[in-house]
Amino acid sequence: MQQEFSKAEKFWMNFKLYQLWRFIVLNLKIYTVAVQSKRK
Amino acid sequence: MAKILIIGAGFAGHTAALYLGSKIGRKHEVTVVSNRDVFSYLPSWVWVGVGHMKPEKTVFKLKPVYDRKNVRFVHAAVKEIHPDAGDQYVLADEVGTGRETRLDYDYLVIAPGPLLNFAGTPGLGPENGFTHSICSYPHAIKTRDAYLALCERMKKGEKVKIVIGTGHPMATCQGAAFEYIVNVHKDLVKKGLRDKADILWLSNEPELGDFGVNGVQIKRNGHMLRSEEFIKSVFNDHGIRYQIQTGVTKVEEGKIHWQNYEGEEGVTEFDFAMLIPQFKGQPFKYIGKDGSDIASKIVNPAGFVLVDGKYGLPYPELAQTPEAWPSRYQNPTYPNIYAAGIAFAPPGPISKPFTNKNNLAIAPAPPRTGMVSGTIGRVVAMNVIDAVNGREPSHHESMTEMVAACVASMGDSLWDGSAVTIVMRPVVPDRKKFHNEYGRDLFISHLEMGLSGAWMKFMLHHTFMWKFKARPGWTLIPE
């Protein structure tokens, strides 16, 4: 079981290009389900 | 012309008002009655509480927005609801003058937000107690002042004890407290004072990362990641101690009294504490045509409005019955009354409840704030529009279908800030639809920490302020 973040995890948490990709993924996820919600 | 009255102008009430005003406000009378004449963007009070955001940036006046959206605004505190057919009205006292005003309605939306029940825990709260809160605008400002004064003491070399979490065995909104504790940590690191503070997370959750929603689970790189281990990593990484399965029973100056799952009683000392109180329904009087108290037809004993849910199921059965959760938010006795946001009565807890040997129930109540509140506000508005147009309410979305996102920031910098981003779908596990032990969509559900979360938090603040001001394109922004 994970108890502390590894050095690699901390690196990716602050690596700007990777974080931009995660930002886009997150927004797409929320937008997809929000559109489904609005149709109800 | 139909008269639609909305009580409250928070996430749920304000969302409902904007949809109703935009869609039918020209033909029908849409009125909002609220004891506050501003909209408050609550999620940013976390930043107010550590002195990182000016309080006035989290609020704006409601009336100019409502004037544009064909909504009438009444600045008054509701005290009585008279729901019987033929003479349906609400009595309220105007803020400032104290003059009693009568507001007739054909359709009523109850969305006043929670009553912060500080009285439920002796000694809790900033007014008659010894702890702080970020649950209201004045409380957030008072918390900021107390926190900054504490920092001054630390700058002089004093070591302090900080306790953040829940202040009642049945409190909810652990997410807000979590965001506050990590912001306090980050702020102290930036100020070079972290070594002067012992920070403790004190919570009624059954396990770390439960957040009142039975935790969050995601699939990452083929492995399951649970919020319990994730939040444990965050706390270990930040040197934050934690004590869970604990219900706060009493607070004295510098001392928090608690009981845990084992029934043990204990005392935790503090110099500064921010503890979320129990939430209850607003104490409105519900009066029948004959003057009798008919509250039991509309609200449960905690004051939350009964809607189209299945109430009274034991937890194991409720956990397997997603259809028990309401989806139209319509009162069964008075179908022209709807409830939105915190105001509706959930059919039971989402997290596993627990009662210790001293008969003290220690269990987080279901959170229904933020995105959930806004979504319910929209669903209710659409159903009222159906009813006004002579149709059966056709819109529905229960918490077993809803998605919710929570971004717990750690600092507000867009360059080196960070945040824990949590997305869960659905909020209440649906084990019939999602065939895994968690009852969640493991693809959409999201649990991550990083700089992107800080961008997300910044974006959310600005896009939601845009949306709630009903500026162009506001309907395109999700609730």
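# A walk through chains A and B

Let's start inside chain B: B:Ser34 counts as buried because 27 C-beta neighbours sit inside 10 Å of it, and the cut-off for that label is 20 or more. Keep in mind that everything here comes from a predicted model. As for confidence, chain B has a mean pLDDT of 95, with 100% of its residues at 70 or more, and the model as a whole scores ipTM 0.91 and pTM 0.94.

So what surrounds B:Ser34? Leaving out residues up to four places away in sequence, B:Ser34 touches B:Gly8, B:Ala9 and B:His75. Another residue to look at is B:Phe73: 39 residues separate it from B:Ser34 along the chain, yet the two C-alpha atoms are 7.9 Å apart.

B:Ser34 belongs to strand S2 of chain B. That strand covers residues 29–34 and is mostly covered itself, with five of its six residues buried. Which strands does S2(B) pair with? One of its partners is strand S1 (residues 3–7) of chain B, in the parallel sense and over five bridges. If you want a spot to check this in the viewer, look at B:Leu5, which stands opposite B:Thr31 in S2(B). To get from S1(B) to S2(B), the chain passes through helix H1 (residues 11–24) of chain B, making a right-handed β-α-β crossover. Strand S5 (residues 71–82) of chain B is also a partner, running parallel to S2(B) with five bridges joining the two. Here the pair to pick out is B:Val33 and its bridge partner in S5(B), B:Val74.

Most residues other than glycine have a negative phi, and most peptide bonds are trans. B:Phe211, though not a glycine, has a positive phi of about 55 degrees. B:Asn214 is another non-glycine with a positive phi, near 65 degrees.

Strand S12 (residues 217–220) and strand S13 (residues 223–226) of chain B pair in the antiparallel sense over four bridges, and B:Gln217 has B:Arg226 as its bridge partner in S13(B). Two residues lie between the strands of this hairpin, where B:Asn221 takes a positive phi near 50 degrees.

Next up is an open sheet of three strands in chain B, ordered S15-S16-S17 with antiparallel pairing. Strand S15 (246–252) and strand S17 (265–269) of chain B are at the edges with a single partner strand each, so each has one side without a neighbour in the sheet. From one strand to the next, the twist averages 30 degrees. Between S15(B) and strand S16 (residues 255–260) of chain B there are six bridges in the antiparallel sense; B:Lys250, for instance, has B:His257 as its bridge partner in S16(B).

Chain B has another open sheet of three strands, S22-S23-S24, again with antiparallel pairing. Its edge strands are strand S22 (404–410) and S24 of chain B, each pairing on one side only. The twist in this sheet averages 10 degrees from one strand to the next. S23(B) and S24(B) pair over five bridges in the antiparallel sense, and B:Thr421 has B:Glu448 as its bridge partner in S24(B). The loop between S23 and S24 of chain B holds B:Pro426, and the peptide bond joining B:Arg425 and B:Pro426 is cis, with omega about -5 degrees.

That brings us to chain A. Its secondary structure comes to two helices and zero strands, and 12% of its 40 residues count as buried. How do the chains meet? 26 residues of chain B are in contact with 20 residues of chain A. On the chain B side, helix H6 (227–238), strand S23 (418–424), strand S24 (446–450) and helix H10 (451–468) each supply at least two residues. H6(B) gives the largest share, five residues. By class, the side of chain B that touches chain A has 10 nonpolar, 10 polar and six charged residues.

Technical notes:
Residues numbered from 1 in each chain as written. Chains lettered and ligands numbered in written order. Predicted model: local features only at pLDDT ≥ 70, side-chain atom pairs only at ≥ 80, totals over all residues. Contact = placed C-beta atoms within 7 Å. Nonpolar A, V, L, I, M, F, W, Y, C, P; charged D, E, K, R; others polar. Pairing = 2+ DSSP bridges. Right-handed = clockwise from strand over helix to strand, strands pointing away. pLDDT = per-residue confidence, 0-100. Axes fitted to C-alpha atoms, helices over the stretch in contact; angles between N-to-C directions.
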